[in-house]
2 protein chains.
Amino acid sequence: MAQNISPEIERLIKLLSKLPGLGPRSARRAALELIKKREPLMRPLVTAMSDAADKIEECGVCGNIDAANPCHICAAPGRDQSVICVVQDVGDLWAMERAATFKGVYHVLGGTLSAIDGIRPEDLRIAGLIGRVKGGGISEVILAMNATVDGQTTAHYITDHIEGPNQAGERVTISRLAHGVPVGGELDYLDDGTINAALSSRRPF
Amino acid sequence: MAQNISPEIERLIKLLSKLPGLGPRSARRAALELIKKREPLMRPLVTAMSDAADKIEECGVCGNIDAANPCHICAAPGRDQSVICVVQDVGDLWAMERAATFKGVYHVLGGTLSAIDGIRPEDLRIAGLIGRVKGGGISEVILAMNATVDGQTTAHYITDHIEGPNQAGERVTISRLAHGVPVGGELDYLDDGTINAALSSRRPF
């Protein structure tokens with residue numbers, strides 16, 4: 001940065017540029033916008049951020065983030081506590097909730113196993129998941145990790161540890177999301193793997 | 001947004017999505033990152049933002065933003081107070097300062113004249129500029145507005161009002177940035193206007 005920017009602004013730009021989606025250039029634009037819209041934007045954002053920093057915590061059951069613990073979803077009386085959807089991150093949980101079809105509960109792993117990044121099972125919320133499943137009362141586990149190598153490795157690892165009867169002797173169904181053509185997607189733009197998966201899982205019309 | 005996100009997070013996402021460069025999707029990612037990096041990122045950002053909101057103000061002379069008024073640049077003893085570079089926004093001032101060649105002072109208009117957006121001379125810091133120039137002690141005004149229609153309209157408007165002798169009877173040189181091929185630029189990717197401008201302003205090699 002130039003030497004003639006005041007240290008207050010420079011520090012603001014530096015911190016903003018650490019947000020995902022903002023590089024040094026867009027962080028400068030964001031800082032200018034914040035200073036220009038001091039009362040309508042910067043002050044409310046300060047309040048919202050300190051509020052979130054003080055109140056938001058991880059749900060002790062599923063790993064979702066919320067001001068309540070257990071979170072709203074785990075505590076909701078209308079949700080089916082016997083179906084757990086396993087997702088990588090809170091962002092994926094939000095995506096599932098936006099789709100608004102799933103009425104069970106979640107388990108947020110906090111990432112995927114990765115040999116390259118050195119992420120081992122104990123770095124993720126996997127032991128907690130095994131505990132929930134083995135403890136009983138669960139009829140189905142839906143593995144909704146991303147369809148990446150790491151996501152699928154993690155899915156296999158989890159399957160190995162939760163398949164078979166639980167402590168009460170009940171069987172738990174393990175399922176995964178279907179592969180196929182995205183709704184609104186064009187075949188011409190899809191990779192061979194997706195087309196093959198969609199073809200082999202074809203359904204009567 | 002989903003109905004199952006806590007209101008604290010939802011408010012944070014909504015405010016973040018108002019920053020330039022962040023849409024609803026990247027605002028969600030930014031909010032998650034902030035909550036994940038609470039101590040190393042979110043708390044320092046809260047401090048930096050309230051600091052900036054409290055301390056940063058517009059320079060009464062040139063319109064730059066700084067914790068000091070007049071700003072560091074206007075107050076710097078090493079800078080030539082007789083040369084004023086007129087820019088649209090503080091971001092353009094920063095761009096000039098990063099180039100680190102200009103040793104004069106600035107005047108930040110705060111935008112450009114625009115018939116479509118209804119921006120008139122009195123909405124910009126134009127009267128202040130005319131006052132500085134007519135007040136004397138200024139040898140050159142460099143018009144460094146963007147090379148857009150609105151930028152050049154503004155440049156012509158300003159020229160009309162500052163050309164001619166000032167109150168002390170001195171003449172003020174009015175100049176504009178050169179048009180030409182950007183350094184590192186390839187001819188094939190340039191528009192005709194730029195190539196024509198570069199050709200007609202060609203220099204001995």
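How many residue pairs are in polar contact across the interface of chain B and chain A? The rule finds 10, with both residues at pLDDT 80 or more; a polar contact is a pair of N or O atoms within 3.5 Å, where within protein one must be able to donate a hydrogen and the other to accept it, and residues adjacent in sequence count only if both atoms are side-chain atoms.

1. Basis. This is a predicted model, in which local features need pLDDT of at least 70 and side-chain atom pairs count only at pLDDT 80 or more, while totals for chains, interfaces and linings use all residues. Residues are numbered from 1 along each chain as its sequence is written, chains are lettered from A and ligands numbered from 1 in the order in which they are written, and side-chain values use heavy atoms, with hydrogens and water left out.

2. Interface composition. The elements of chain B that each supply at least two residues of the side touching chain A are α1 (7-16), α2 (24-36), α3 (38-55), β2 (65-66), α4 (72-75) and α5 (90-99). Helices (H or I, at least four residues) and strands (E, at least two) are DSSP runs, numbered from the N terminus. α3(B) gives the most, with 15 residues. By class, this side of chain B has 29 nonpolar, seven polar and 18 charged residues; Ala, Val, Leu, Ile, Met, Phe, Trp, Tyr, Cys and Pro count as nonpolar, Asp, Glu, Lys and Arg as charged, and the others, Gly among them, as polar.

3. Interface extent. In contact (heavy atoms within 4.5 Å) are 54 residues of chain B and 55 residues of chain A. The two chains bury about 5,300 Å² between them, 70% of it on carbon and sulfur atoms. Buried area is the accessible area (1.4 Å probe) that two parts lose on being put together, summed over both.

4. Salt bridges. A salt bridge is a side-chain nitrogen of Lys or Arg within 4 Å of a carboxyl oxygen of Asp or Glu. One pairs A:Asp51 with B:Arg11 (3.0 Å, N to O). In another, the closest N and O atoms of A:Asp54 and B:Arg43 are 3.0 Å apart. A:Asp54 lies in helix α3 of chain A and B:Arg43 in helix α3 of chain B, so the pair joins two chains.

5. Helix packing in chain A. The axes of α2 (residues 24-36) and α3 (residues 38-55) of chain A come within 6 Å and cross at roughly 110°. That makes α2(A) roughly perpendicular to α3(A). Axes are lines fitted to C-alpha atoms, for helices over the stretch in contact, with angles from 0 to 180 degrees between N-to-C directions; under 35 degrees counts as roughly parallel, over 145 as roughly antiparallel, 65 to 115 as roughly perpendicular and the rest as oblique. α2(A) contributes A:Glu33, A:Leu34, A:Ile35 and A:Lys36, and α3(A) contributes A:Arg38, A:Leu41, A:Met42 and A:Leu45.

6. Backbone. A cis peptide bond, omega about 0°, joins A:Asn69 and A:Pro70, and another joins B:Asn69 and B:Pro70.
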